[in-house]
Amino acid sequence: MNFRTGDTPHPDVVILAHKLTREYDMGLELVRALRGVSVQIRKNEYVAVMGPSGSGKSTLMNLIGCLDTPTSGEYWLNGQKVSDLRDDELARIRNKEIGFVFQTFNLLPRADALHNVELPLIYAGMSGKARRERAADALERVGLADRMDHKPNELSGGQRQRVAIARGLVNEPSILLADEPTGNLDSTTSAEIMQVFGDLHRMGQTVVMVTHEQDIAAHAARVVTLRDGVVATDQLKAA
Amino acid sequence: MPVFEAIALAFGQLRAQKLKSGFSLLGVFIGVTFLIAAWSIVNGMNVYMTEQFAGRIIGVNTFHLRRMPNFMPHVSDSAWRAWRRRPRITFSDAQAVAQAISVPVLTAWESSDNVTIEANGKQVLEAGVTGATERYFDIKNLRITQGRPFTAQEVRSGVPVVVIGYEVAEKLFERRDPVGKHVKIAGIPYRVVGVVEEQGKLFGFSLDRFAVAPALSPIQDEVNPPGVIDALIVKASSVELMREAISEAEEIMRGRRHLRPRQENTFVLETSEGVLNFWGGIKRILYVVGPGLVGVALVVGGIVIMNIMLMAVAERTREIGLRKSLGARRRDILRQFLAESATIATVGAAIGVATGIGLSVLLDAATPLPAAVSPMSIVLGVVIGGGVGIVAGVYPATRAARLDPIAALRQE
């Protein structure tokens, strides 16, 4: 699929990055974290983004997650061009289209699991009752129906990450965007979490996962490797 | 995020960090407590001054003819010396004025000094001893509970009789009936003919330490030089009649003193308005100083809250980053932190209102200061308190709202 500036992406394409660059002005030197990355991800793909540290994979993740805007290039998310949106519009896109899963879970320590999962719905402006029902559904999907009123410190690492995944899913986003989701977990728990991602993918969820671990990336159907701010390899695994 | 969610969140934060929140609302708490308490005292004093004090000291529809004002705000030394050079009010002045007033009025002479009263080997030191004429008790609304007032006949003939105040009777005669017994005032014996009903206290001073004897009795040598009185008291039945009586009295006095048209009066005609003006002067000072002190406390309180909120933003940078990544807009974060600082301040103000009311009630009960809580001060206390919170929260909340989500999420 070739994309040229001025085109609109194919409706099947959820993520379209076209010649994305991102430069940081550090005063003395100009750091060029991305030097022209072009990637397309279709609906219901399961993609791992790999690369050594400094390869630009965190920068790419921030751009895909609409936490940052590119210096140049185009970024389309679910048919909408987001590369030149303003701050509050980006917040709305993050709320509707993206479910984040972080390495350190990032749960609110004083809120119980249900309330943590409710958070994105609060910012979507959903009312109390509907919100709680949706959040409970999401927790059920990750197998935590019986842990809704537990606070993060009453949950194991794996359970915490599953709460975070439920929070990512609750707004029914276009993509679930995970950044080193098993980085803080032991191997048994990691396998359990990868199982959850696998299940979600099978149910139709588009998953993008940033990792530097080979065996975690192995769970994905497609592996994009970055090196020095450009795409080095982009391999589809035989199913 | 709707406002009530933000407020609920703020209360959660308050509960979670009780000690820190407690300290942060201290300034507003103190400011509002002071506001309520000070306001209620000034308010109470105002009620007291206008309804009770002025009425008691001078009386409604009453004026005093005097050499110089009894109640004055600030007078310069030269004015004071000029007053002191004025001729005194003489018996014949008083008689002439009383006779010349054509509207129906009650009049009485009054001359007072502080003198020790003795009886049964006991003493009441520095009691207010007054030489007066028979209408004095009516004009001053002094009810006699035992015995009787002295009569016009007794005044004219200067019989050494006396009507004593409640405290004097209690101190000198304890539970026995003083009527018919004798007290010594400045060494001269007087027969007690009556005791006045208990008057209570005013600003901590007893209003019952007094004795009143006929103006022409030997008391006249104690309270004033011969032939001279402190004041002629004139009471009319309405304000209009009082004003008429005042102008008549002024005319007579100017004639008697041979004052030319442009010359100032060498006497005063003091009404309760004069006392109220005096109080008005004090009130104006309180109205400047009071809000000033409240303002200082609230500014300090605001700065404390601002600092606490800046600390909170720094501590919760990661939370802010997370909320932003989940879709919180700048205004959501702004609202969250504004609601938090406003809630802290409003809680502080509410506790301040409660404490202020408690303090006023306590002051009213335990001290002579009269206090009455004004509903307006409660409203103002809460509104100002909450307002301080919002103003103090603007800067920290703006900083929180502007945080870059990527940097905020990376923060430890």
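**Strands, helices and the chain contact in a predicted model**

Trainee: Which residue in strand 13 of chain B is the bridge partner of His64(B)?

Mentor: In this predicted model, strand 1 of chain B, residues 62-66, runs antiparallel to strand 13 of chain B, and 5 bridges join the two. Within strand 13 of chain B, the residue that bridges to His64(B) is Ile233(B).

Trainee: How many bridges join strand 3 of chain B to strand 13 of chain B?

Mentor: One pair to look for is Leu106(B), which stands opposite Lys235(B) in strand 13 of chain B. Strand 3, which covers residues 105-119 of chain B, and strand 13 run antiparallel, and the number of bridges joining them is 6.

Trainee: How many residues of strand 13 of chain B are buried?

Mentor: In general, the side chains of a regular strand alternate between the two faces of the sheet. Here Ala231(B), Ile233(B) and Lys235(B) point one way from strand 13 of chain B, while Leu232(B), Val234(B) and Ala236(B) point the other way, and all are buried. Strand 13 of chain B, residues 231-236, is thus mostly covered, and of its 6 residues the number buried is 6.

Trainee: Is Gly290(B) buried or partly exposed?

Mentor: Gly290(B) lies in helix 11 of chain B, which runs over residues 272-315, and beyond its neighbours within four places in sequence it is in contact with Ala38(B) and Val42(B). Ala38(B) is 252 residues away from Gly290(B) in sequence, yet the two C-alpha atoms are 6.9 Å apart. A residue needs 20 or more C-beta neighbours within 10 Å to be buried; because Gly290(B) has 18 inside 10 Å, it counts as partly exposed.

Trainee: Which helix of chain B gives the most to the side that touches chain A?

Mentor: The contact involves 16 residues of chain B and 18 residues of chain A. Elements giving two or more residues on the chain B side are helix 1 (3-16), helix 12 (317-325), helix 13 (330-366) and helix 15 (405-410). With 4 residues, the element of chain B that gives the most is helix 12.

Trainee: What is the phi of Asp228(A), which is not a glycine?

Mentor: Asp228(A) is placed in the loop between strand 9 (222-227) and strand 10 (230-236) of chain A, and because it has 14 C-beta neighbours inside 10 Å, Asp228(A) counts as partly exposed. Lys19(A), another residue other than glycine with a positive phi, near 50°, is found in strand 1 of chain A. For Asp228(A), phi is positive, at about 55°.

Definitions and conventions
Residues numbered from 1 in each chain as written. Chains lettered and ligands numbered in written order. Predicted model: local features only at pLDDT ≥ 70, side-chain atom pairs only at ≥ 80, totals over all residues. Contact = placed C-beta atoms within 7 Å. Buried ≥ 20, exposed ≤ 12 C-beta atoms within 10 Å, placed from the backbone. Pairing = 2+ DSSP bridges.
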